[in-house]
Structure formats: structure tokens, C-alpha cells
Amino acid sequence: MLRKTIDLRPALFACAVLLLIGCQSTSTSPNATLADEATAASVDALLSAAAAADLTTAAGYRLQAIDLLIAANDLERATEQLQALPEALLLPPELRALAQLTRAALANENGDFTRARSLLQELDLSAQETPPIDTMIKAALLAGDVYRNLGDPTSAATALLSSSVKMESASPQQARQLSDATWLTLDSLSIAEIDELANASASYYARGWLELNRAIRREEFSLRGQLDAIARWQGVWTQHAAASFLPSALLGLNAAWDRRPRHIGLILPLQQAAGRALQEGFIAAYYQSLAISREVPRISVIDSSEASTAASVYEEALRLGVDLVVGPLSKTLVNEIAALPQLPTLTLALNYADREVVPTTQPPVDLIQFGLAPEDEIDQIIELAEERGFKRAAVVTPVDENYTRLRATFQTRWEETGGSVVTRSVFGPEEDFSSVVKNLLAIDASEDRARRLRAALPRNNIEFTPQRRGDIDFIFLIANPRQGRQLVPTLAFYYAQDLPLLALPSIYDGDPTASTRDLDGLVFGDAPWMIMPSELRELADEHLTAALGSSQRLRAMGVDSFYLAMQLAQLQDNPLRSLRGVTGELSLTSEGKIKRKLVMLRFENGVPEPLPGS
């Protein structure tokens, strides 16, 4: 069922002259100072005119000034001028509604999104018969922004879709704004949410938008496929306003296609299992793309197994004439190229450089770093724990040095959020998990107290039930499936069955034959490739060597490496864009790193099921 949205039926308000400035944005050009001075002069002129005008005219001038102040981010002065407006009942309906919308816009800019929503819902539209088109679009744009800020993109989409019919009569500027805002909002929804909107929409315009979004998603991993999908959509939805005002993100596809790589150098250590798994995934995605269009790049594979320097493999790649490098995988080689001022060609490295290696140097702008970073996985566990109001964590990890680093990373980042680690325990390869859990939960301390009590009292038949410590909100666990299947029941045995368990992807290896019922209730994050049906995954499993756990995830990373290689231009052009890859939802940070958002899952009856909203 759709969530409640504001009413955007025809009846908002007039005073269209104010809207000519209502959608301005702060300048970021070299002439920003001149623009600020011009804005200040305009505001002063409008307020001077308001001082000499009658009440109604003065209110109009003052609202124009407030719009300019909000656009210039001078929110304090905008608030002062809003308070100087006459009482609402003294204003005509058009200005009364405009003042209400301005209050909502100011609340939104101040971060008070709940108040902004209330103000929008309280708009009195009944006194207006024919509100201007541009006014209605402005209201829809603000509603969309408010609902997105509230974390309710479905209601944002509903508000924007309900005004899409007005695009035909809008000015080119506002039609473009509405087109871009609608697309941005629809693209943030899950496929299930898009389907829900489609089932509830009867409007030609709304259904056209939703079908366009579906068509693009079906070809998400192929630029050529997306361009062909747009052409087919325009041929069917000829009367739809978006056929003339395609979203800017889609208009950029032709430019991205023209900038696509023609020759990719794939640099991998093929004598290592990790290198071979990455190559398998990359080539599988390549052939998937080839089935859609023959216009795919040439691939040259370079074995870096014995490379001692990055220069040697780059020389080979340049000799072959590549215009994009994917790799290397070795952290040593990635550290080397990250320390360079620039690279000979755009590079998608398959690892992340160590911060301590280049502490004062920004990585070259033509270097993009991509990997299966545990830090991304830890951040999502922390985000989930925060959402659930947890504060005190217990940590269980293997004793290995690499896991000690991950435990330290978790503790540092968790404490940065205001949380604390109240207890931790480690286990070895052949550990007795009873002792590990008893130490973690302070069961052994409880048993010691009982022994001392029995020794101090003359009676030996004292009844005693051990008590675990009560200051734990959740347990953060790093373990493989075998270890997890022993740890989780042991925790339950020692009175921790009510404690939430949050784990990293290592807890699941994707083996359909393994019994995982012992993990029921445990929550973890993982790549979509590991848990969601995929035609490409099925083909890879059928024709390639069987793979589980980290090997399967590396194969997925190889798939996403190809997808990213073909769409780096789009990600660089639009920092807000993301790619729904098979290792997670991928986005490009300002530091040139690919960040992954995993699917959050919970074991139910031995099967990992997506958490609601994941």
C-alpha cells in the first residue's frame, strides 16, 4: 500500500512573478562574488519597495526577497523577513498560500523536514481556481525534496508523478527540473517499490515514467542496451512529456557511449586463485555484453604474477594500445601507482591503497580504486546497530592478525558513533567455543562466585544458575560458516539467545547443501550475487569450476569490474549516480574509491532472507 502523500490537485496559488527566482541556486562559478553582490542588491531593492507599498504589494515584494535569501542560503535573514509578513488572514488567498509554501521551503532548508511536510499538507488550496502551472511544479519539486529528506522516496515519487502531466505546459527550465527530480527519485526506489507504484498508478504520465525506469534497469549493465531501450520507449510513449524532456542522466548516455573504452588492459596475477576468479567474472560479464551488442571493447589480459613494479605491467599495457587499465590486484602495486602524480591512462585498480603509504598525497585523478573492502561491510553493520539504538557491543573474532585489524577497525568506528565495546573474546583454529563464550559473557566469573559461595557456606546443595553479564546490546561476530555453526548454538546455551548477532559476509559461503539452521536469527550483509537469483551466476556456475565463499565473491567482483569499466564516465560525471552491481550498490566517492552497499540479510529456517528495506 502506498504511503500518504500531499494533495497536489489543481488548486495551489498564483503570483507567478515570484517563481522566476524561486528555483535559483547558489553560484559556484568564478563570478560567485559578483552573483552574491547582485543578490544582495536585489534583496535590498525589494525590501525598500516593500517599505513604500501597500500591505498586499509589500507582502509580494517581501516574499520575493525571501526566495532570494533562501537561494543564497542566508537563512537567518530569510527567517527575519518571514516573521515580518502580515498575519495570514490579512493576505489574499494567493499570497497566503505562497507564504505557507515559503515557510515550508525555509523549514526544509533548516533541516526541519517534519515541519516542512506539515506545512505542505496544511496548504489551503480551495480558494484558487486556476493556479499557474509553474507554481504547481514548484510545489511538487519542494514536496519531492521534503519527502526524500524524510527518507520516504515512495511519497516523493508519488508527489512528483502526480504533477508530471504539467510538464507539457511548463517552461523549459521547470520541465527540465521536474524531469530530473522525478528520475532521481524513481531511481532511488527498489524494483519492488517501482512495481508497487505501477500497480497503483492509472495516469498515462505516471505509467510512462515507471516503464521508462523499468526499461533502463533491465539494461543497467549495458550502455548500448540502455540507449536502445530509450529509443524503443520513445517510439511507444510518443505523447509523453519525458519523450521531449528526457532526464539529464539519460541525455548523458550518448556522451558516455562515445567515451566508452575501446581497448581494456586487464592486469591480474593469473597464477593465483584470486586472479583467476576475477578473470572468470570479468570475461563472463564481457560475453554477456557481447550478446547484447557487438560493439564491445577489445580485452588484453596481462599476467602480473611475477611483476615487481607497476611500471613493468603498465609498459606492456601501453605497448598494446589500451585506453583503460583494470587492475592491478596486488596492494603493493596499487600503493605504487597511488603515489604517482598521474597515470598514463585511466585505471580501475582492484584494491585500495594503504593510507599510510601516501599520507600527504592525493591519489591521481585518473585512478579509481575498487575492492571488497571489509571497512564497507563494517560500516553497514555499525549503521544497522545505530538504527536499532544499540550502544554496547561484544566482539568475537578469530585470533589471526588480520582479524585483529578488523576488530580494531570496528571498535574505532563504533566508538566514533558514541558506542562502546564492553567485552571481547578471540578463538583459535581448534578452540573450545564454550570457554570463548563463557569468557565473553562473564559466565566463568558467575561460576567462580558460586564456587566461592559454596566453599564459604556449610551446605553443598545450594541451587545455582549462572548469569551472563547484562550490559551487552549486541554481539559483533567475525567467523566462517563452520565456526558460526558452533558459536551461535553455544551462545544460546549460555543464555545469550536473546542477544542480536551481527556478522560480516564471511559467515556465509553460499553452499546450498550446508545446514545453516544453527545460524537462524543472525544478521549479516552480503553481495547480491551470493543470495539473489542471477542468470549470469547460473551460467558461470554451470560452465566454470565450482566456487564458494571468497572465491565466489571474487568472481562477482570480476563481473562488477567489467560493469564499472564500461560506466566509469557516468559515475565520474554524476557523483550522485550509483550502479546496482552484483557485489552491491556501487557509488564513486570524492576520493576516487568505489563504495559498496550490501544487502542486509537474516537467517530464517536456514536461509538468508533480505531484511525489510535492505
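Two strands pair if DSSP finds at least two bridges between them. In this predicted model, strand E12 (residues 585–588) meets that condition with E11, the two being joined by 3 bridges in the antiparallel sense. Within this pairing, Ser578 stands opposite Ser587 of E12. E11 and E12 belong to an open sheet of 3 strands, ordered E11-E12-E13, with antiparallel pairing. Strand E11 (578–580) and strand E13 (594–597) are its edge strands, each pairing on one side only. From one strand to the next, the twist averages 25°.

Parallel pairing is found around strand E1. Strands of a sheet pair through backbone hydrogen bonds, in either a parallel or an antiparallel arrangement. E1 pairs in the parallel sense with strand E2 (residues 298–303) over 6 bridges, and Leu268 has Asp303 in E2 as its bridge partner. E1 also runs parallel to strand E3 (residues 324–326), to which it is joined by 3 bridges; here Leu266 stands opposite Val326.

How many residues of strand E1 (residues 263–268) are buried? The count is 6 of the 6, so the strand is largely enclosed by the rest of the structure. In a regular strand the side chains alternate between the two faces of the sheet. In E1, His263, Gly265 and Ile267 point one way, while Ile264, Leu266 and Leu268 point the other way, and all are buried.

Helix H9 (residues 172–187) packs against helix H13 (residues 248–258) at an angle of about 85°, with their axes 8 Å apart. Angles of 65 to 115 degrees count as roughly perpendicular, and H9 and H13 are therefore roughly perpendicular to each other. On the H9 side of the contact are Arg176, Asp180 and Trp183, which meet Ser248, Ala249, Leu250 and Leu251 in H13.

Val426 lies in strand E7 (residues 420–427). Is Val426 buried or partly exposed? Buried means under 20% relative accessible area; Val426 has 33% and is therefore partly exposed. Val426 and Leu440 are 14 residues apart in sequence, and their C-alpha atoms are 8.9 Å apart in space. Leu440 is one of the buried residues of helix H19 (residues 433–441), together with Phe433, Val436, Val437, Lys438 and Leu441. An α-helix has 3.6 residues a turn, so residues three or four places apart point the same way. Just after H19, Ala442 takes a positive phi of about 65°.

Methods: Residues numbered from 1 in each chain as written. Predicted model: local features only at pLDDT ≥ 70, side-chain atom pairs only at ≥ 80, totals over all residues. Heavy atoms only, no water. Helix = DSSP H or I, 4+ residues; strand = E, 2+ residues; numbered from the N terminus. Axes fitted to C-alpha atoms, helices over the stretch in contact; angles between N-to-C directions. Buried < 20%, exposed > 50% of the residue type's maximum accessible area, 1.4 Å probe, protein only. Parallel < 35°, antiparallel > 145°, perpendicular 65-115°, else oblique. Contact = heavy atoms within 4.5 Å.
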